[in-house]
Amino acid sequence: MIKIAFTGNPNVGKSALINAIAGSNLKVGNWAGVTVEKKEAEFEYKGEKIQCIDLPGVYSLSPYTLEETITRDFIINEKPDIIINIVDSTNLERNLYLTMLLKELEKPMIMALNFYDEFEKLNYKLDMKKFTDMIEMDVVMTSAVKRTGIQELLDKALLIAKSNEKDKKYTLLFDQCLQNAIEEIKCKINCDERLVTASEKFGMDFLAIKLLEQDKHLLEILKSEYKYEIDASILATTNQLEEDHDEDIETIFAEGRYGTVKGILAKTFTTSIKSRLDFTDKVDRVLLNKYSGLPIFFLIIVGLMGTVFNGSAPLIDWVDGFVNNYIGKYVAMLIDENTPNWLASLVMDGILGGVGGVVVFVPLMLYLYFFLALLEESGYMSRVAFLMDKIMTKLGLNGKAFVPMVLGFGCTVPAIYATRTLEDESSRRLTAAMAPFMSCGARLPVYGLFTAAFFGAKAGMVVMSLYVLGIVVAILTGLILKNFDMFKAEGRALLIELPPYRVPSLRVIVKSTLTRTGSYLKKATTIIMGMLMILWALTYFPNNGDTANSYMAKFGKTFQGVLKPTGFADRWETVAAIPPSLAAKEIVVGFMAQVLVGDKNAEEIEEEVTQETGFVQDTAEQLMELGVAIKDSIVAVVSFDVKGLFTVPDAEEIEEEGSGVVSATKMLWTDELAPLRAYSFMVFILLVVPCVVTLGAIKQEFGYKFTGFIIGMLLVIPYVVSTLIFQVGKLFF
């Protein structure tokens, strides 16, 4: 099998080019031990089995970020047969710096000059013959959007890979002073058997330069694997270079590489009078303006939320009905009178309910990934980091962290997955720890029930205070957590390129959306269904579905004393409602209806399930309802209505969900502290451990240990905050 590694800067069209080459064979996962996304594909081409590996987009090979470490280690350790270096042809000077670094690794390489269609529109000229000779590798002009140059690129890559040339010697055009220093270090390498052995793995040029740069990552490897510690004479050479150039050693080499790039382009590349940045500059004057930039950004984010959550809502309702009413009906028909009650409940409530708990989020994920890909491919997402960086750095976060935080108001699940846009692991973890405090839409039915029962006309103001409280707690938590090693930022300035605005490729966006959603569905199913089935067992046993006497109810009665300081725990029902909220926060309303009102609609439900409608009629109805859902989804998208995201269900709507539940809830507390107890309970539901789907996403992204930390933290914080609110609040009643 021929192994091809794809490298390049961010925003060079690498994913689009790989999609064009690999097509439907592309698989998405994570690199081992980290949350950085890994894309790879295997396919056959002209009788050859090919494996394509999409390495993370990087600007350098210094191991300061996860992406840089992954890229560098893969090329060195995995030894791909050939590297395809993808370069933005409209931004050659910036992109060719990475090419110079890759040449130091002495691996067979071919260059894809991407965005060739834009290159031509700008009337740029490149002397391909001279450029190829000076860059010392084959060069192919490509356009992933137009799908041009792809076959030629693959053919040349295979030709080089099949030549079995595992190493390639390139000319490094540094100034004479640097060149002499490199040759001096090479002599020292050849005099030490340990370094000679290391050079067989790393390459002579790379090893010499990194010894001069005193690369900490490499020096640790040399010490642990080769029992070598840097020689004092090498340190002396480095110090002399820094003294002669009056710069640190990394800057000296960086300037040398840029000098080589400028020299090559001066002899081969000419630009037109027309600037490729004219349009981008004009747009950025508005979008990045210190006065208009942030308001426009907030409008875009609000529009994104409205589009994603309102647009997906009709489809979510359809999926929910399809699983529970359509599939549920025919599954129920397979359960006869001889089936044990526990097994019937397991199948209907545990397994089928578990499936529904997973797939109901698919429309939401589709919309989310589609519009995030749209922002990324257009070039705007880089501006988000730039705009928000100064604000978010006070929390120790990258500017990009703001997007996941805002998405958390709609649903915490996509907020967790959106942390993948952040560059370093500490920022991902801190953002993931703060996102659950954003009040998601699933909590609104709970707010609606308790505000309808205890606050009446003041419901809107009460709910708004809960949103604000969530933000305040998130900020305070972030300020505390950023001081711990697990969440501490690395103190690096934000290095980000602002690419030109481009019209995104619909093919690339759709492919990215489907791939990411498929990955969510595949990986999240197991843990989510498992946790939902555990919750089912706790609410069903030991009295065969009698919720009031279930293990969950026993839990509530047992922990009443522990939660007594919060004010709401004088009733076991509210305590027992907390564990079911792990399945979904809106389940609290149904749980309260069951324990306070009882299952008064059982006969109606049974009658609905046994209605005399056939498979053909039911299927036709589902297809019609799907058509209506798609139409409603389109209308919701184009309406740009965001008010519905924060609209509390009124008492009438809640009563429809469970007959008499509002009036029954009102009787939970009748003393003068009743509103305060209700508010304390809503705060607890706001801040407590999120739903299992969110926990599944956190586990998938960060592992069991971090998930355990989040669960522990989100048990302590709601207890403390609810207790403070009740104990301080009752002083004023």
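This is a predicted model: local features need pLDDT of at least 70, side-chain atom pairs count only at pLDDT 80 or more; totals for chains, interfaces and linings use all residues.
So, how close do the axes of helix 7 and helix 11 come, and at what angle do they cross? Residues are numbered from 1 along each chain as its sequence is written, and side-chain values use heavy atoms, with hydrogens and water left out.

Okay, the helix pair. Helix 7 (residues 176-190) and helix 11 (residues 232-245) have axes that come within 11 Å and cross at roughly 175°. Helices here are DSSP runs, H or I, of at least four residues, numbered from the N terminus. The axes are lines fitted to C-alpha atoms over the stretch in contact, with angles from 0 to 180 degrees between N-to-C directions. Angles over 145 degrees count as roughly antiparallel, so that's what helix 7 and helix 11 are to each other.

Who touches whom? On the helix 7 side we have, among them, Cys-177, Leu-178 and Ile-185, and helix 11 brings residues including Ile-234 and Leu-241. Contact means heavy atoms within 4.5 Å.

Now the inside. Buried residues, meaning under 20% relative accessible area with a 1.4 Å probe, protein chains only, make up 54% of the 733 residues in the protein chain. In the largest nonpolar core, 117 residues, Phe-437 and Phe-450 touch the most other members. Such a core is a set of buried Ala, Val, Leu, Ile, Met, Phe, Trp, Tyr and Cys residues joined through side-chain atoms within 4.5 Å. Helix 32 (residues 674-687) gives the largest share of this core, eleven residues.

How values were computed:
Buried means under 20% relative accessible area, exposed over 50%, partly exposed in between (1.4 Å probe, protein chains only). Helices (H or I, at least four residues) and strands (E, at least two) are DSSP runs, numbered from the N terminus. Angles under 35 degrees count as roughly parallel, over 145 as roughly antiparallel, 65 to 115 as roughly perpendicular and the rest as oblique.
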